[in-house]
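This report examines a protein structure, with attention to its salt bridges and to the packing of its helices. Please look at the sequence and the structure before reading on.

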Amino acid sequence: MIDVSADQGWLVTALRSMQLVQMALQGRWIHDSALLILPHVEHQHLQLFRPPTRGRSKSVAPIQTLPELMDVLGGKRHLLNKMVTPELTDRQADEIWSVIQRLPVIEVSLSIRGWWADASEEEDRPLHSTYIAGIPKDKDYVAVHADQEYVLQVKLNRLQRQHRPDTKAHAPRFPKSKSEGWWLVLGDVDNKELLALKRVGYVQGRNVVQLAFYTPETTGRVIYAVYMMSDCYMGMDQQYSICLDVQEANIEAQINTEIILDGTGSDLERELDEEEEFSLAKG
């Protein structure tokens, strides 16, 4: 279903299908708290997970997400004990801590590669990506030519350093073992169109993933969304915006792009095909 949605350019359907996979793997509804995927944690335990307070400070709201919990703990095991000790045993706390330590913490940076009229060779220009809820500023926009193919480069960096990486996801309710993986999606939210999709396996250390896409035929500013969707965990997805200032098409830049893609000396097109990228051409 995800592949069909990508081929048809159905952004919302593809994202909902990915969430359905997450629900099936974890045996939870998408509207459930993501903390419920932790071992021994049930609904009545959610109120235990609160940021620490100092002195007589007023009670703070419970933690809502796994990234928030990981940030609050900051790698400090005793903070977890302090949270759950009233209702969970030390052994249960140990199992929770073990799973938290395995959860993926991945840093994402974005850049765009292609040809520009003012460049003598193919360039890789950084994108000032922000979370989709942010309001972009003029400096966030990167100029691109209309009706031209570019490559979005997604640099992934797993911040945990493990001597013996465990690629298996924590999914005790799923009957078979499942390796951790991701989908990278580039979409036009305003038009609900999926522009590119790439399947990514377990991220170990640093990885670079490429998504090829066409810019719009008309000039003007557009904002695309980049989704990093887990194929096994709920609440671990990431979403960024990329801001493009689409300028008039440039024949020279288009010709250079076609030469790079069609030339026998370039491996880019073959590389993208081998990695089974679903990139939707214009029209």
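Asp118 is exposed, with a relative accessible area of 64%; here exposed means over 50% relative accessible area, buried under 20%, and partly exposed in between, with a 1.4 Å probe and protein chains only. The model is predicted, so local features need pLDDT of at least 70 and side-chain atom pairs count only at pLDDT 80 or more, while totals for chains, interfaces and linings use all residues. Residues are numbered from 1 along each chain as its sequence is written, and side-chain values use heavy atoms, leaving out hydrogens and water.

**Salt bridges**

The structure contains twelve salt bridges, each defined as a side-chain nitrogen of Lys or Arg within 4 Å of a carboxyl oxygen of Asp or Glu. The table gives examples.

| Salt bridge | N to O distance |
|---|---|
| Asp118 and Arg125 | 3.2 Å |
| Arg28 and Glu42 | 3.6 Å |
| Glu180 and Arg158 | 2.8 Å |

Glu180 lies in the loop between β5 and β6 (182-188) and Arg158 in strand β5, so this pair ties together parts that are 22 residues apart in sequence. Both Glu180 and Arg158 are buried. Salt bridges with shared partners join Asp118, Glu123 and Arg125 into one network. As for the remaining pair in the table, Arg28 is buried at a relative accessible area of 10%, whereas Glu42 is partly exposed at 31%.

Helices (H or I, at least four residues) and strands (E, at least two) are DSSP runs, numbered from the N terminus. Helix α5 has 13 residues (residues 90-102), so at 1.5 Å a residue it should span 18 Å, and its end C-alpha atoms, 19 Å apart, agree with this. The expected span is 1.5 Å times one less than the number of residues.

Which residues of α5 are buried? They are Gln92, Ala93, Ile96, Trp97, Val99 and Ile100. Because they cover an arc of only 165 degrees around the axis, they lie on the same side of α5; the arc is that of the directions from the helix axis to the C-beta atoms. An α-helix has 3.6 residues a turn, so residues three or four places apart point the same way. On the other side of α5, Asp90 and Arg91 are exposed.

The cover over the buried residues of α5 includes α3 (66-73) and α4 (77-84). Between these two helices, Leu69, Val72 and Leu73 in α3 meet Leu79, Leu80 and Met83 in α4, where contact means heavy atoms within 4.5 Å.
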